[in-house]
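Work through the exercises below with the sequence and the model open. Each task is followed by a solution in steps.

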Amino acid sequence: MPRYDFRCRSCGATFELRRPMAQANDPAVCPQGHEDTVKLLSTVAVTGAAAAQQAPAAGGGSGCCGGGCCG
């Protein structure tokens, strides 16, 4: 079951809830009982061998655009 992070606007506490995706946007009550909460944007980090073995971008130049014109 997915985890969703929330922050309480009343007391500032952050907390997480496990709930079905169908309930992802349902209101949440903080552990202190406050109902004024907001769902936080979660980030996902993906690491592993596949990420480390990515081929370099085409062009091979240097500079800001990769074309070699900027030095």
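**Exercise 1.** Is Asp-36 buried, exposed or partly exposed, and with which residue does the Asp-36 side chain form a salt bridge?

Solution. Step 1: take the classes, in which buried means under 20% relative accessible area, exposed over 50%, and partly exposed in between (1.4 Å probe, protein chains only). Asp-36 has a relative accessible area of 37% and is therefore partly exposed. This is a predicted model, where local features need pLDDT of at least 70, side-chain atom pairs count only at pLDDT 80 or more, and totals for chains, interfaces and linings use all residues. Residues are numbered from 1 along each chain as its sequence is written, and side-chain values use heavy atoms, with hydrogens and water left out.

Step 2: apply the salt-bridge rule, a side-chain nitrogen of Lys or Arg within 4 Å of a carboxyl oxygen of Asp or Glu. Asp-36 meets Arg-9 in this way, at 3.7 Å from N to O. Asp-36 lies in the loop between S2 and strand S3 (37–39) and Arg-9 in the loop between S1 and S2, so the pair ties together parts that are 27 residues apart in sequence. Strands here are DSSP runs of E, at least two residues, numbered from the N terminus.

**Exercise 2.** How many salt bridges does the structure hold, and which residue pairs with Arg-3 in one?

Solution. Step 1: the count is two salt bridges. Step 2: Arg-3 pairs with Glu-16, with the closest N and O atoms 3.8 Å apart. Arg-3 is in strand S1 and Glu-16 in strand S2, 13 residues apart. Step 3: Glu-16 is partly exposed, at 42% relative accessibility.

**Exercise 3.** In what sense do strands S1 and S2 pair?

Solution. Step 1: two strands pair if DSSP finds at least two bridges between them. S1 (residues 3–8) and S2 (residues 14–18) have five bridges, in the antiparallel sense. Step 2: the bridge partner of Arg-3 in S2 is Arg-18. Step 3: the two strands form a hairpin with five residues between them, and Gly-12 in the turn has a positive phi of about 85°.

**Exercise 4.** How many disulfides are there?

Solution. Step 1: a disulfide is a pair of cysteine sulfur atoms within 2.5 Å. By this rule there are zero. Step 2: Cys-8 is in no disulfide, its nearest cysteine sulfur being that of Cys-11, 3.6 Å away. Step 3: Cys-8 is buried at 0% relative accessibility, whereas Cys-11 is partly exposed at 39%.

**Exercise 5.** What surrounds Thr-37?

Solution. Step 1: Thr-37 is found in strand S3 and is buried, at 17% relative accessibility. Step 2: with contact meaning heavy atoms within 4.5 Å, and leaving aside neighbours within four places in sequence, the residues touching Thr-37 include Phe-6, Cys-8, Phe-15 and Ala-28. Step 3: a polar atom of the Thr-37 side chain lies 2.7 Å from the backbone oxygen of Ala-28.

Definitions and conventions. Helix = DSSP H or I, 4+ residues; strand = E, 2+ residues; numbered from the N terminus. Polar contact = N/O pair within 3.5 Å; in protein donor to acceptor, adjacent residues only side chain to side chain.
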